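Please look over this two-chain report. Where do the chains touch, and how are a sheet and a helix arranged?

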Amino acid sequence: MSFLQFAFNNVGRNARAYIAYFLSSAFMVMIFFTYAMFIFHPGITGSEMGRMTRVGMQVAEYIIFVFSFLFVLYSISSFLKARSKEFGILTILGATSGTINRLIFLENMIIGLLSVIVGLASGMLLSKLFLLLGASVTGMNGLPFYMPWKAMIFTTVAFLLLFLFLSVFTLIFIRKNRVLELLSGSSKPKKEPKTSWLLALLGVGLLAASVMLLQRGSKIGEKEVMLAAVTGVGGTYFFYTQVAVFLIKVAKRSKRMLWRGTNLIWVSEMAYKIKDNARMLFMVTVATSLACMSVGVILSINTQIAKLYAGDPFAINLSVYNESDLKKDLGWIEGQLNKEDIPYETVRTETIQSSVSGGNWVYVELASLTNYNKLAEKAGAAPLDQEIPQDQGVLLYSADDPPKDLLGLEGETVSLESPLSHTFKISEKRPARLFGAGGGKSLIVLNDAAYDKLKRQIPEDESGWLSSDVRFLIKAWDRQGVPSLQDPEVAMTVRLVAENRERLDDGETKNYLSARGDSYANTKQGLSMFIFVGVFIAAIFSISSASFLYFKLYSELNQDRRMYHSLSKIGLADREMKFASGLQIALLFFVPILISGIQTMVVLSLLGSAFNLGEVTVPVLVSTGTFLAAQALYYAVVRSRYMIQLKRVMV
Amino acid sequence: MDLLQVRGLGKVYPGKIVTRALHDIHLTIEQGEFVGIMGPSGSGKTTLLNLVSTIDAPSTGEVLINGKNPFALKRKELAAFRRRELGFVFQDFNLLDTLTVAENIVLPLTLDRRPLREMEKKLERIADKLGIRDILGKRIYEISGGQRQRAAIARAMIPGPSLLLADEPTGSLDSNASRAVMELLEGINRSEGTTMMLVSHDPLAASYCDRVVFIKDGMLSSEIHRGDSRQAFFQKIIEMLSFLGGNAHELSSIRV
């Protein structure tokens with residue numbers, strides 16, 4: 001048997017020990033390759049949109065590479081630790097450290113090479129699917145499958161270098177261990193985990209500091225966000241290494257709880273495992289939190305833009321700045337709509353923009369009762385059916401996004417900023433539909449006489465106080481939900497907005513045209529790149545964190561097998577074994593998800609206002625829930641496989 | 001009264017080469033008796049212990065403990081049976097590193113969900129008896145081999161089993177610790193009246209038994225009873241071993 005054969009046989013005959021390592025490496029290669037294929041795709045390199053996507057994807061590619069590096073490094077070190085006894089035996093048999101180094105090096109390279117091959121092959125299959133998906137998500141049609149030579153070479157070189165580097169790097173692990181230590185290997189008795197009050201308090205303090213920083217809400221700056229991230233990550237680290245072990249120690253104090261059923265076994269096991277795994281749990285938590293947050297942000301933005309679209313019953317809006325151009329503009333729009341046989345109605349609206357005194361000056365928009373009711377009637381909504389006295393105003397606001405600084409003014413008497421002079425009481429506030437007026441947030445309705453008085457107060461040269469629009473109601477485009485990017489409304493309005501922009505540039509008009517379909521499509525398209533990259537990174541983090549855990553469990557399998565074997569001899573029932581070990585696995589799988597769910601919730605709700613995310617509870621629950629579902633699936637698979645192994649040693 | 005009855009017990013391990021580990025074993029152990037099983041390596045003594053301790057199923061014959069056949073029980077009931085009726089002492093102790101000595105000892109009771117007060121009372125009693133009170137709060141890696149085996153014996157004894165099974169309990173211990181552990185087992189056997197079955201290579205350990213049964217090639221070959229003198233019993237065991245075990249008789253002339 002030659003040395004190379006020995007190395008090959010070692011890999012081939014010890015399949016179970018290597019399989020987790022191999023599969024996760026191959027998985028990493030597959031994802032990396034699929035990404036690379038997309039980046040190098042000839043159909044993408046062209047357009048502006050494609051360039052943006054590519055930059056995002058490249059960043060993702062770096063992140064995946066760093067993650068694979070850490071992952072493979074971690075896998076190798078725990079894998080070698082599990083095999084230290086084998087190396088001890090080889091040393092006793094007279095193998096020099098050079099021989100063992102060569103063996104490890106060869107094995108790593110064999111596995112590396114195999115995983116590159118398998119990863120490329122499965123990546124080819126996946127990429128067909130991925131290209132289809134990518135095309136539909138980014139709104140680009142017909143990305144053909146191609147022979148990705150460039151991506152193949154790129155992936156192969158990157159990963160061979162990675163395995164080469166890591167193979168050399170791991171030799172350092174082995175060198176310093178003495179033969180005796182190698183032989184006793186992982187059966188060395190474990191030490192009681194240590195905690196320090198000081199570090200535990202520091203952990204709590206860091207988390208609190210992070211929350212306090214984020215609590216500054218919309219006043220938060222870039223520096224504070226970075227600082228909050230650093231303290232949050234640091235706090236999470238201490239949470240696992242100190243606070244969690246400390247909590248379990250406290251739990252162990254009560255004999256009544258501890259000395260009951262299988263609690264004794266799993267609680268004390270857990271105290272050790274949580275320390276052993278603290279670093280890994282920490283990494284998984286941070287990765288999952290980042291993924292949850294990005295998905296949460298994406299979902300909230302998605303909801304926001306859909307709401308914005310759905311909240312506006314008027315498809316097209318022409319802001320009037322110059323009355324003399326208006327006729328020409330209306331004629332042009334009519335021509336365009338008639339060409340496609342689209343019937344429409346218009347309504348003219350007008351509001352006054354000002355500020356009211358309420359401690360600080362607060363921006364408001366004012367409308368007359370008649371004007372508001374005209375708008376409401378056209379939009380098919382209930383009109384404001386009441387008399388408003390001369391010195392009162394009714395505050396209407398959007399229930400989805402209430403203006404906090406205005407709501408407190410109910411019942412107060414306020415006056416307007418000069419040159420306007422009018423003092424009135426905000427007699428009541430009520431949630432209502434605003435049809436895009438008042439920035440979609442709030443509107444103060446006055447009676448017609450009061451409004452006209454105000455309008456007359458506006459000086460000729462400051463007509464900017466007055467805002468006037470022509471709104472187009474197009475019944476044919478009414479729908480539930482949001483349009484697709486290929487929808488006639490989107491196509492038509494995108495064209496109208498673009499042409500109006502040209503007309504503005506050419507000096508043909510001074511009136512500004514906007515449309516809900518156009519803004520929706522624009523935001524959606526900008527977002528889609530973000531979604532594409534974000535969701536894929538999230539998926540990768542989710543799956544690789546699961547394989548981290550899987551690998552960790554399998555490196556501990558032999559120890560667990562020994563323990564449950566002897567426990568079963570003294571009368572541990574199958575059900576109790578399943579409960580005790582299943583619970584431990586469950587905690588490892590679900591604690592990070594729970595913690596990152598909480599982190600995501602805290603961070604997004606604190607930062608929500610700064611980034612105009614609106615209501616974040618549902619998006620956070622959805623994104624965390626999705627990760628939870630994925631994790632539950634991995635848990636079910638890993639648990640059943642682990643149980644089969646343990647069941648074999650139960651007598 | 002017979003506590004353990006083994007009737008026509010046989011065990012065959014199937015495979016490419018069929019191994020007949022035990023053949024037609026008949027053995028009866030009375031209530032309160034301390035019986036040693038000896039034999040050369042590969043004679044089948046560990047197989048016999050595994051069958052009696054219900055962790056392996058016989059191919060033929062039956063085992064009755066307290067008149068009950070444990071192999072007729074369901075898996076779940078079997079676990080409970082082992083927990084309550086059988087006590088185990090192993091060569092490598094099989095104590096859990098993650099637990100303290102006290103926690104290791106009460107483990108069978110916690111699995112049975114006994115009340116806390118009962119557990120504490122029993123723990124105190126057994127710890128006093130075995131002289132391990134001082135080390136109850138320690139971890140397994142902090143105590144010596146002899147102390148570990150004491151802790152393991154305490155764990156085996158705490159549920160009050162009808163039968164204590166010891167598999168090479170002195171195998172990992174030095175001679176002083178071995179003697180102390182055997183004296184302890186003998187003492188428990190006398191004072192508590194616990195029936196014990198010991199499998200051992202060590203003639204010194206076996207000399208603490210009331211009776212030693214010898215197995216060779218999977219069959220009972222002979223048995224000797226202890227008289228008044230342990231020393232004489234020890235000599236007889238050595239002679240029997242050298243008679244049974246191939247080359248060993250060359251050594252016997254030197255020893256005697």
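The notes below cover the interface, a sheet and a helix.

This is a predicted model: local features need pLDDT of at least 70, side-chain atom pairs count only at pLDDT 80 or more, and totals for chains, interfaces and linings use all residues. Residues are numbered from 1 along each chain as its sequence is written, and chains are lettered from A and ligands numbered from 1 in the order in which they are written.

**Interface.** Chain B gives 25 residues to the contact and chain A gives 24. Contact means C-beta atoms, placed from the backbone, within 7 Å. Helices (H or I, at least four residues) and strands (E, at least two) are DSSP runs, numbered from the N terminus.

**Sheet.** In chain B, three strands form an open antiparallel sheet, ordered β2-β1-β4. Pairing requires at least two DSSP bridges between two strands. β2 (19-30) and β4 (60-65) of chain B are edge strands with a single partner each, so one side of each lacks a neighbour in the sheet. Strand β1 (residues 2-13) of chain B pairs with β2(B) over eight bridges. V12(B) faces R20(B) in β2(B).

**Helix α19(A).** Helix α19 (residues 557-569) of chain A has 13 residues. Its buried residues include M563(A), Y564(A) and L567(A). Buried means 20 or more other C-beta atoms, placed from the backbone, within 10 Å of the residue's own. Just after α19(A), G571(A) has a positive phi of about 105°.

Key:
Contact = placed C-beta atoms within 7 Å. Expected span 1.5 Å × (residues − 1). Buried ≥ 20, exposed ≤ 12 C-beta atoms within 10 Å, placed from the backbone.
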